[in-house]
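Have a look at the structure first, then read on.

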Amino acid sequence: MWRLNSTAWIGICLILCAVVLIHRAVNLRAYCETRGHRNAIQMPKTPQIAEKLRKLNTAAKNEDSERTYRILCWILTDPDDLDNRTIHVKNTWTQKCDIRLFMSSAENKTFPTIGLNVSSGKKHIAAKSKAAWTYIYNNFADKADYFMKADPDTYVIVDNLRYYLSHHDPTVAEYFGHSMKLKQHNFTFMSGGSGLVISREALRLLVTNAFPLRPTCIPDGVGEDWKTAQCLSKVGAKAVNTSDEFGRERFLLYRPEIHILGLYPPWFYEKDQNNARRGINCCSDFPIAFHYIRPLEMYVFDYLLNRVQVMKTN
């Protein structure tokens, strides 16, 4: 058997150290790139790094999927609006919700709708909303993690909503939407048009605390969005600012072109919590909801968002 002198042993140790350092650098570079820190380590991308990135991206996706929460979507409608608007919401985006319910003043077993025994019309929208939240808590509280109320002219990108909510906790009392200011009551509420999302804990507090202890919560009439927010705030639920890291809106109160071109009504400039931003930077790259979408446009949105693919060339 041959023996290595001290110089050879030192050389072997240096090679092993170099291998370890390169391996650690590959791991760190891959980790940084998957977390968005692309300038953390400047080194050329090799096949080994590409493979590390692939594995870490897969792990990150699996981690995200473990935090995918169940979403119940419910639509506030009326018997005479089922064929006019609600059917188009039923045929499009609501199919991506884990549970979808259609709340009406009368039951329709064919559509189907849940009858709330409340008079139809906008004048009773608050009473209908209160009855809907109560029904959902009594029958579905343990079947979903987040609960979204939307209108028949709201289009929701459920995938973006699901991803956004994956960074929150349904056991925390929170509610989400497009933030508006109500000066006379000095508090923030979520405009009903682009949808209201509340956590499982917020739903529990609303129905079991706010409604029994404060019978005047959500009195009948119009303005169910700010009335609901008022009740939620009184039981400790937090209104979450849903704008992105650049201050751009995720829940859009109007159609896309209204926000981009800034064609807002005068009152919007006064009440919008985010100062009624306009232009191409009005809206997040990952919007969640749009309002005032016409019935046939629901299918256009559905096609553009779920079917169209863009080929990128060098």
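In this predicted model, the largest cavity is lined by H178, E249, H259, Y264, F268, D272, N274, A276 and R277. That cavity holds about 30 Å³ of space. Elsewhere, cysteine pairing gives a count of 3 disulfides.

**The cavity**
- Searching the whole structure turns up 1 cavity of 30 Å³ or more.
- Its lining residues split into 3 nonpolar, 3 polar and 3 charged.

**C73 and C97**
- The sulfur atoms of C73 and C97 sit 2.0 Å apart in a disulfide.
- This pair links distant parts of the chain, 24 residues apart: C73 is in strand β1 (residues 71-76), while C97 is in the loop between α3 (82-91) and β2 (99-104).
- The torsion about the S-S bond of C73 and C97 is about -90°, so this disulfide is left-handed.
- C73 and C97 are both buried.

**C217 and C231**
- C217 and C231 form a disulfide with their sulfur atoms 2.2 Å apart.
- Because C217 lies in the loop between α6 (200-213) and α7 (224-234) and C231 lies in helix α7, the pair ties together parts 14 residues apart in sequence.
- A torsion of about -135° about the S-S bond makes the C217 and C231 disulfide left-handed.
- Both C217 and C231 are buried.

**C282 and C283**
- C282 and C283 also form a disulfide, with 2.3 Å between their sulfur atoms.
- Their link is left-handed, with -80° about the S-S bond.
- C282 and C283 are buried.

**Overall pattern**
- Counting bonded cysteines along the chain, the disulfides follow the pattern 1-2, 3-4, 5-6.

Key. Residues are numbered from 1 along each chain as its sequence is written. This is a predicted model: local features need pLDDT of at least 70, side-chain atom pairs count only at pLDDT 80 or more; totals for chains, interfaces and linings use all residues. Side-chain values use heavy atoms; hydrogens and water are left out. On a 1 Å grid over the protein atoms alone, a cavity is a set of points where a 1.4 Å probe fits but cannot get out, and a pocket is an open set with protein on both sides within 12 Å along at least five of seven lines; lining residues have an atom within 4 Å of a point. Grid points are joined across faces, edges and corners, and a volume is the space filled by probe spheres set on the points. Ala, Val, Leu, Ile, Met, Phe, Trp, Tyr, Cys and Pro count as nonpolar, Asp, Glu, Lys and Arg as charged, and the others, Gly among them, as polar. A disulfide is a pair of cysteine sulfur atoms within 2.5 Å. Helices (H or I, at least four residues) and strands (E, at least two) are DSSP runs, numbered from the N terminus. Buried means under 20% relative accessible area, exposed over 50%, partly exposed in between (1.4 Å probe, protein chains only).
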